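Subject: Structure for you to look at

Hello,

Here is the structure I promised to pass on. Please open it first, then read my notes below.

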Amino acid sequence: MSFDVIIRGGRVLDGTGAPPFRADVAVSGDRVAAVGRLETAEAATEIDASGRFVAPGFVDCHVHGDAAVFDPMVQRAALRQGVTTFLLGQDGLSFAPGSAETVAYASRYFAAVNGPLHESQRGEGPLSVAELLGSYDRTVAVNTAYLLPHGTIRYDVMGPSSAPASADDLAAMLRRVERGLAEGAAGLSTGLEYLPGRYADAEELAALCRPLGGLPYVTHMRAYGPGAGVGMAEVVDIASRSGAAVHVSHLHGPADVLLPLVGDALARDVDLTFDTYPYLRGNTILAMVVLPPSVPAAETGRALELIAAADLDEWWPGLDATWPRLTVSHAPGMEWTEGLTVVAAAERAGVSPAELCRRLLIETRLEAGVVSARPDEGPEGEQSVRRMLRHPSHTGGSDGIYVGGHPHPRGFGAFARFLGRHVRELGDWTWEQAAVHLAAHPARRFGLSDRGLVRTGFAADLVVIDPATVADRATYAEPRELATGVADVLVSGVPVLAGGELTGALTGRALRP
């Protein structure tokens, strides 16, 4: 027997939840061709996996790589954690479908999250889902799948308006959803704390979910933390009205609050899953954290006028406890603040934290981003993370953001941390359960029916993991440090990472469910 690649001598985590078993894995073309004892087989490329696991490539269910995925550094950061597929179009905001004006809005408003449209994706006319997916196909080293971003669609139809959608508006949005699904989208996402998604009601969202046909409604809910009950109640309402499956993004907070809400939704026959990342800090746009709801952040010029004229004591009387928890991650034009807390940056500038925030918002034209510590940081917070990830409805997501001089470390370490910290050190999962949570379960959820398992005939997205050394190295102080313990990765049957370094192969596919 002759194959293109054979991974020899490893223990296979096949993604079914079965215990690891000793087997060779052979690849022909972009498919797994055989799994078993293949001592007499030959291959052009052989990888020695002795003492290591061979697992299906991981699916990052929530990552903001829409533009950053073209960066070889980002591809390497993902592959060094075993991630072979990015699910893009998160939080209701990305680049397609939309007119040039809509693309410009998404680039500007979410600049601290997605960054600007990559030069290879730019054009003068509208951008479709098919064109966006095509820009990723075989041009990067990881696979990509794409969620239809509700906020982008709403802006394309209604601009920054806060009005309820009219019947004509809803019909226009539905046409975009139906076309996007036909062109290969893997679901519909919302960002109900961002603009203009915040302006949509449950009736609008349920109507847009009805064409999904089993693909999930993926939501950054309207409220988390103490308000998670409000957010989850709306999720249940939308699912009940539309019949859609639901996937809740980055479901973090006290497990004593969140797990009963998940249980209640499941008891109501809502088909619900969720993702988490194994950290206790978030990363988002400063405007979302500090601006009052009355400020139209979707209208940059008007918002900046209001910020410049604001009485900050009236605007931010209750944020004294918040300022020390905010670290600047992205501040174009004020890069000296990146990596500093708002308090430290304010001291350096000789102003109050509120005034420093005003300057950040104005100087960056609302593009500033922050890493934010949650009030529940500490041992109790980690216990909640552990309890959430053990739930059978859980999948892994990094919520990775690669923009700015000092991003959150999760984009460089989340999946390695799942393995090193939560499998090897804490035993929250077995190794075989890790392959289910990080590969098989998300592949099923998003309709990627030939991914997520090490099985003959399946796509050969394969990772070789050293269980003794896999670990995250990125920290809040040094957020771009690469993970260790994953040195060999195949995407579509081709080695894209060898010895921990990119091979130069660009075999990532644009995946359609």
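Is the crossing of H5 and H6 left-handed or right-handed? The crossing is right-handed. Bear in mind that this is a predicted model.

The helix pair

Helix H5 covers residues 167–182, and helix H6 covers residues 202–209. Their axes come within 9 Å. The crossing angle is roughly 35 degrees. On the H5 side, the contact is made by Leu170, Met173, Leu174 and Val177. H6 brings Glu204, Ala207 and Leu208. By class, that contact has 6 nonpolar residues, 1 charged residue and no polar ones.

The cores

The largest nonpolar core holds 101 residues. Those with the most contacts inside this core are Phe86, Tyr217, Val248, Leu251, Leu272, Leu419 and Ile465. Helix H15 (residues 410–425) gives the most to this core, with 7 residues. Look at Leu419 in particular. Not counting residues up to four places away in sequence, Leu419 touches Phe58, Arg424, Trp431, Ala434, Leu438, Ile465 and Val470. There is also a second, separate core, of 44 residues. Phe110, Ala297, Leu304 and Leu312 belong to this second core.

The sheet

An open sheet has 6 strands, in the order S10-S11-S12-S13-S14-S18. The pairing is parallel. Strands S10 (148–149) and S18 (394–396) stand at the edges. Each has a single partner strand, so one side of each is left without a neighbour in the sheet. For S18, look at its pairing with strand S14 (residues 272–276): 3 bridges join the two, and they run parallel. One detail to check on screen: Phe274 has His394 in S18 as its bridge partner.

A loop residue

Which loop holds Asp472? Asp472 lies between strand S20 (462–465) and strand S21 (486–491). Is Asp472 buried or exposed? Asp472 counts as buried, because its relative accessibility is 19% and the cut-off for buried is under 20%. Leaving aside neighbours within four places in sequence, Asp472 is in contact with Tyr279, Gly413, Ala416, Arg417 and Ala483. Gly15 is 457 residues away from Asp472 along the chain. The C-alpha atoms of these two residues are separated by 22 Å.

Best wishes

Technical notes
Residues numbered from 1 in each chain as written. Predicted model: local features only at pLDDT ≥ 70, side-chain atom pairs only at ≥ 80, totals over all residues. Heavy atoms only, no water. Axes fitted to C-alpha atoms, helices over the stretch in contact; angles between N-to-C directions. Helix = DSSP H or I, 4+ residues; strand = E, 2+ residues; numbered from the N terminus. Left-handed = near helix turned anticlockwise from the far one by under 90°. Contact = heavy atoms within 4.5 Å. Nonpolar A, V, L, I, M, F, W, Y, C, P; charged D, E, K, R; others polar. Core = buried A, V, L, I, M, F, W, Y, C linked by side-chain atoms within 4.5 Å. Buried < 20%, exposed > 50% of the residue type's maximum accessible area, 1.4 Å probe, protein only. Pairing = 2+ DSSP bridges.
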